[in-house]
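Me: I would like to learn how to read the features of a model like this one, taking the sheet, the charged pairs and the surface in turn. Could we work through it together?

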Amino acid sequence: MKLTYIWQQLQRWWALALVVFALDWITKQAIEANLHYGQEIALLPVFDLTLRYNTGAAFSFLAQAGGWQRWLFSIIAIAVVIGISWRLVKIAKTHRLEALSLSLILGGAIGNLYDRLAYGHVVDFIQFHWQQSWYFPAFNVADSAITIGVILMLLESVISPEKKGGEK
């Protein structure tokens, strides 16, 4: 495959991923500049802004592992970025909903990878709770984009099951 062809297939979807990354980075910078660690600002009865650091993965998986997990999750994120980019080259023009979902996941992966490499932890700040007694783990824009991307991918597999397993 020619490099120009690959770039043409990727540029729209990578642009979306970079917008997700930029929104994630800007919101994290704003939160870190205006809140101290653990501070909570109630915006709604069920929603707070708070500054938290996650050295693990989703739901703080391996957060207390001693530091090696930073590199493990970074390597996984790099593999995801490469794998998604390769998939986007193959499906960018023919499977737009899948490309959209992968671009959101890509942007989120880049956002959290940046945090891991730059700070050794992921900055989280969005927190939902119920009556101050049940708290969902804090998350961020990157996590939200990944979640939306996965939901769109699942939706696409339900509405277009014939595409499962390869390109058509």
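What follows is a dialogue on how to read this predicted model.

Me: Which strands make up the sheet, and in what order do they lie?

Reply: Strands of a sheet pair through backbone hydrogen bonds, and the pairing may be parallel or antiparallel. Here four strands form an open sheet in the order β1-β2-β3-β4, with antiparallel pairing. The edge strands are β1 and β4, each of which pairs on one side only.

Me: How many bridges hold β1 to β2, and how many hold β2 to β3?

Reply: Strand β1 (residues 40–44) pairs with β2 over four bridges, and a hairpin of two residues joins these strands; within this pairing, alanine 42 has aspartate 48 in β2 as its bridge partner. Strand β2 (residues 47–54) pairs with β3 over six bridges, where arginine 52 stands opposite aspartate 124 in β3.

Me: What should I look for where β3 meets β4?

Reply: Two bridges join β3 to strand β4 (residues 134–135), again in the antiparallel sense. Tryptophan 130 stands opposite tryptophan 134, and histidine 129 has tyrosine 135 as its bridge partner. Three residues lie between the strands of this hairpin, and glutamine 131 takes a positive phi near 50 degrees there.

Me: Why is β3 described as largely enclosed by the rest of the structure?

Reply: A residue counts as buried when its relative accessible area is under 20%. Seven of the nine residues of β3 (residues 122–130) are buried, so the strand is largely enclosed by the rest of the structure.

Me: How many salt bridges does the structure hold, and which charged residues form a network?

Reply: Side chains of opposite charge can pair when their charged atoms come close. The structure holds four salt bridges, one of which joins arginine 52 and glutamate 40 at 3.0 Å, N to O. That pair links distant parts of the chain, with arginine 52 in strand β2 and glutamate 40 in strand β1, 12 residues apart. Arginine 52 is partly exposed, with a relative accessible area of 24%, and glutamate 40 is also partly exposed, at 37%. Elsewhere, salt bridges that share partners join Asp24, Lys28 and Asp115 into one network.

Me: Which residues make the nonpolar surface patch?

Reply: Trp25, Ile26, Tyr114 and Tyr119 make a nonpolar surface patch of about 370 Å², to which α1 (3–34) and α3 (96–119) each supply at least two residues. Tyrosine 114, found in helix α3, counts as partly exposed at 32% relative accessibility.

Methods. Residues are numbered from 1 along each chain as its sequence is written. This is a predicted model: local features need pLDDT of at least 70, side-chain atom pairs count only at pLDDT 80 or more; totals for chains, interfaces and linings use all residues. Side-chain values use heavy atoms; hydrogens and water are left out. Buried means under 20% relative accessible area, exposed over 50%, partly exposed in between (1.4 Å probe, protein chains only). Two strands pair if DSSP finds at least two bridges between them. Patches are made of residues with over 30% relative accessible area and no salt bridge: like charges are joined within 9 Å, nonpolar side chains (Val, Leu, Ile, Met, Phe, Trp, Tyr) within 5 Å. Accessible areas come from the Shrake-Rupley method with a 1.4 Å probe; for residues, only the protein chains shown count as cover. A salt bridge is a side-chain nitrogen of Lys or Arg within 4 Å of a carboxyl oxygen of Asp or Glu.
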